[in-house]
Amino acid sequence: MNSEILNKMGLGSLDPFVIILVLLGLILILMLWNLLQSMKIKNIEENYETFFLGTDGTSLKESMQECFDRMGYLIETNQERNRMTENLLKAIGKCYQKTALVKYDALREMGGNLSFALAVLNDENCGFIFNIVNSQEGCFVYAKNVVNGVTEGKLSDEEKKAFERAASISHLKKYENLLQKQKKKDKQHTGVLSENLKNNGTGM
């Protein structure tokens with residue numbers, strides 16, 4: 001079978017049946033490639049619907065709003081915990097927790113330092129200073145009030161040392177500093193959450 005077109009292309013000696021087979025092969029390859037592309041597009045569409053609608057039909061906006069609501073609840077719970085911790089620290093601060101003991105020989109007539117001065121204070125430096133004097137005649141106890149770091153009457157050297165040592169103790173300071181840092185972090189997180197909620201409400 002002679003063809004002028006094939007002769008001009010230099011393919012006049014080629015069997016047309018072979019050409020038809022080649023063309024059919026190309027068509028089949030194109031159909032397979034088109035089928036693969038269609039499957040990929042369908043998979044992308046399914047992922048898109050799952051991302052924006054969710055498996056239960058919930059929209060992306062609703063899912064994000066639910067996440068923000070949970071974050072808000074956690075922040076409020078954390079703030080309430082901080083308030084309870086702050087009140088607890090204040091209550092603990094009023095308890096007697098700082099003590100110091102200074103032993104001495106009051107009358108230098110008995111062996112060993114059997115007498116001692118004991119300071120008992122709370123976090124506000126309120127409390128008592130006890131002076132226990134042991135002698136051959138017996139044991140005598142003297143007490144002096146302390147209000148906001150101001151002592152009642154003049155202190156002996158041992159009483160002064162006990163008071164200064166007790167007043168220098170600060171058990172709650174590190175916890176108060178940790179609480180302040182946590183409150184600062186909560187404030188930053190609250191600001192970020194408010195900004196996200198604002199953007200979520202206006203941008204979607």
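Visitor: Let's start with E124. Buried, partly exposed or exposed?
Guide: E124 counts as partly exposed, at 41% relative accessibility. Buried means under 20% relative accessible area, exposed means over 50%, and partly exposed lies in between (1.4 Å probe, protein chains only).

Visitor: Where do these numbers come from?
Guide: This is a predicted model: local features need pLDDT of at least 70, side-chain atom pairs count only at pLDDT 80 or more, and totals for chains, interfaces and linings use all residues. Residues are numbered from 1 along each chain as its sequence is written, and side-chain values use heavy atoms, leaving out hydrogens and water.

Visitor: Which side chain does E124 meet in a salt bridge?
Guide: K94, at 3.6 Å from N to O. The pair links distant parts of the chain, 30 residues apart: E124 sits in the loop between β2 and β3, K94 in the loop between α3 and β1. A salt bridge is a side-chain nitrogen of Lys or Arg within 4 Å of a carboxyl oxygen of Asp or Glu. Helices (H or I, at least four residues) and strands (E, at least two) are DSSP runs, numbered from the N terminus.

Visitor: And K94, buried or exposed?
Guide: K94 counts as exposed, at 54% relative accessibility.

Visitor: How many salt bridges by that rule?
Guide: The count is 4. One of them joins E80 and R83, with the closest N and O atoms 2.7 Å apart. These two are 3 residues apart in helix α3, so about one helical turn separates them.

Visitor: What about E159 and K144?
Guide: Their side chains also meet in a salt bridge, at 3.0 Å, N to O. E159 lies in helix α4 and K144 in strand β4, so the pair ties together parts 15 residues apart in sequence. Both E159 and K144 are buried.

Visitor: Which other residues of α4 are buried?
Guide: Besides E159, they are A162, F163 and A166. Seen down the axis of α4, the buried residues fall within an arc of 100 degrees, so they line one face of the helix. That arc is taken from the directions from the helix axis to the C-beta atoms.

Visitor: New topic. How do β3 and β4 pair?
Guide: In the antiparallel sense, over 9 bridges. Strands count as paired if DSSP finds at least two bridges between them. β3 and β4 form a hairpin with 2 residues between them. S135 stands opposite G138 in β4.

Visitor: And β2 with β3?
Guide: They run antiparallel too, joined by 6 bridges.
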